[in-house]
Amino acid sequence: MEVQLIKIEKRNDVSRSIYFLTPVLAIFLTLFGGGIIFYILGFNPIEALKFFFITPISDLYGLSELLVKATPLCLIAIGLSFCFKSNNWNIGAEGQLIFGGIVGGGVALLFYNHDGFYVLPIIILSGAIGGMLFAMIPAILKTYFNTNEILVSLMLVYVAKLLLDYLVVGPWSNPEGFNFPETRQFSESARMPILFGGLRIHAGIFITLITVFLSWLILYKTYLGFQIKVSGLSLKTAKYAGYKGKTMIIIVFMISGACAGLAGVGEITGPIGQLHRNISPDYGFTAIIVAFLGRLNPVGIIFASLIVALTYLGAETAQIFLQVPKYTGQVFQGMILFFLLGSDYLLFFKIKFLGLKKNEL
Amino acid sequence: MSFDLNFIGILIGAIMASSVPLILAASGELIAERSGVLNLGVEGMMIIGAISGFALMVVTDNLFFAVLGSMLSGLILSLIFGLLTQSLLTNHVATGLALTIFGIGMSAMIGKNFVGIPGKEFPLLFLNLKESIPFLGPIFFGHSIILYFAFVLPFLTNYVLKKTKTGLIIRAVGDSPTSASNQGINVTLVRYSCILYGGAMCGLAGAYLSLIYTPQWIENMTGGRGWIALALVVFATWSPIKVLIGALIFGGITILQLHMQAVGLRIPVQLLSALPYIMTIIVLVVISRDSRKIKLNTPTSLGQIFYKEK
């Protein structure tokens, strides 16, 4: 007789505690997987993981760097959560970030040697508008031409990167810069205020926190948020209820693009202070992972952004101490998403360990 | 005049060469999509194929192992995708993205020690015929075996999909997994096979880049070709022959912009480099505008999770 030891059953309702616990499980599994990779590469896995996840944040400077990296990640992920919640796959946040940076940077160069409290707000606003307009391209093509938004938003990332390259090499390059591919350093009035002397953490973090609060308000307290959630759960219901699907698609893309643009402008006026070729270490792509890890929930995304920011720092530290390439961070980020998606299985299915009863043997 | 004609022949040969990775990856992805699976990990599988092929070539000094290894590595990566989407029923889009991020990171990690090593010469067939026949010579001869394979593949794929039982099963699973399952077809198994096949083809596409097209390892060397291959499948409305045509058009744009750069036209290099991406968007818009036409050909269950109560 065949004895079944494990039985898999479909859950009728999704358990809320497991819903927020699986991300934690995913993180542990990622650490385990990372340990195995380090072991294969010939390192002591415990030591290597310590260099990766503990050393970078064991001093004040490290903690500040963590927040510097989490600031754009959280901001972009919050924006993406609007898109993902309503089943719109904007995966070109990187392009929207860069375009926001370009527009904001252009305005900053326009106000070069200009003093005044109004300079920075204008730059920030123009960056947000830039990202927003760039995100409207895939949204409009999706709504009016039925074009796949995944592919269009992604193609636009390459276009934005090449546009930035053209600008910093050509018309916007620093006239006294010996032909380096970079613009002038922005003037002081165009820079984000630094919060503590000696550290790089800047006022951009407040923009992120305000955005988190506003998005919580929109998602959970307004009719728009309700519409977004319903369309994500069932497009048919949304149509039946008479929601204006097209307008909503464009709105979520605009929100998402504006957030990415803000992140871009925060980077160039914050830690970078000018435009050059690499204004973002793929924050726009990594933020997709942050959004999922945070369960598309504003508070969840704050925690997720800190964890994913740590993979950036860890990769930098590991590069110095273990001579592994900085791309190790990306491997960890990919693994987190794999494990997170995989462990979602626990959400929808119950695994029962039946065990062997004596009388069955 | 004969010189010009020969030059055009060489140009066409170059266009064919640059379309090979697109044909291979898109043909593989097409099969997966026809079975109802949307794998956005093409770029990741391609780049892993590129580094594995190159690394194996350096280590074993054997091109056969290198090509085989690249296909195997693409297949292994797609197996992760299969496990997640088919066995653990994860979202196809998110899993595919994770695969690409993971693949790019992993390839850079493996490739660290292979940067700057020169590639090995890959044997080209019928070189003497290429030289001796003007115009037609450079078009038809002097290519690698992989190029010839790539140009046969769409016809082969078309035949299998339309004329064989295997093709019928794949299409049935993609269009109506529930009915296929009721007919006794193991939907999960069919989808697994299609995913793995797609992975192997993406790996091969990567190997073509690192072993033949650019013969060396450069970080991120696929440069979005995986995404263009994905766009090609939509462009071709899931028809293998149209994939071939689309790939040649994109190969043409790539070669054209390279030549325009070389001639030194007063157009910024970056604008020319952006041309393939901008063209992809324009082509997608033109193709997708007619939603009925797209819906007619799209595998009905594309990207949807299939779960059978046991």
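Colleague: How many of the residues of helix 13 of chain A are buried?

Modeller: Please keep in mind that this is a predicted model. A residue counts as buried if 20 or more other C-beta atoms lie within 10 Å of its own. Helix 13 of chain A, which covers residues 328-343 and has 16 residues, is mostly covered by this test, and the number of buried residues is 16 of 16.

Colleague: Is A:Phe82 buried or exposed?

Modeller: A:Phe82 is found in helix 3 of chain A, residues 60-85, and, leaving aside residues up to four places away in sequence, it touches A:Ile228, A:Val252, A:Ile255 and A:Ser256. Because 27 other C-beta atoms lie within 10 Å of A:Phe82, and 20 or more are needed, A:Phe82 is buried.

Colleague: How does B:Leu256 count, with its 15 C-beta neighbours inside 10 Å?

Modeller: B:Leu256 lies in helix 12 of chain B. A residue is buried with 20 or more such neighbours and exposed with 12 or fewer. Because B:Leu256 has 15 of them, it counts as partly exposed.

Colleague: At roughly what angle do the axes of helix 11 and helix 12 of chain B cross, and what is that arrangement called?

Modeller: The axes of helix 11, residues 225-235, and helix 12, residues 240-263, of chain B come within 9 Å of each other and cross at roughly 130°. An angle over 145 degrees would count as roughly antiparallel, and 65 to 115 as roughly perpendicular. The angle therefore makes helix 11 of chain B, relative to helix 12 of chain B, oblique.

Colleague: Which residues of helix 12 of chain B meet helix 11 of chain B?

Modeller: The crossing of these two helices of chain B is right-handed. By class, their contact has seven nonpolar, one polar and no charged residues. From helix 11 of chain B come B:Ile228, B:Leu232, B:Val233 and B:Phe235, and they meet, in helix 12 of chain B, B:Val243, B:Gly246, B:Ala247 and B:Phe250.

Colleague: Which helix of chain B gives the largest share of the side that touches chain A?

Modeller: In chain B, 40 residues are in contact with 37 residues of chain A. Several helices of chain B each supply at least two residues of that side, among them helix 3, helix 11 and helix 13. By class, the residues on this side of chain B divide into 28 nonpolar, 10 polar and two charged. The largest share, 12 residues, comes from helix 4 of chain B.

Definitions and conventions. Residues numbered from 1 in each chain as written. Chains lettered and ligands numbered in written order. Predicted model: local features only at pLDDT ≥ 70, side-chain atom pairs only at ≥ 80, totals over all residues. Axes fitted to C-alpha atoms, helices over the stretch in contact; angles between N-to-C directions. Helix = DSSP H or I, 4+ residues; strand = E, 2+ residues; numbered from the N terminus. Parallel < 35°, antiparallel > 145°, perpendicular 65-115°, else oblique. Left-handed = near helix turned anticlockwise from the far one by under 90°. Contact = placed C-beta atoms within 7 Å. Nonpolar A, V, L, I, M, F, W, Y, C, P; charged D, E, K, R; others polar. Expected span 1.5 Å × (residues − 1).
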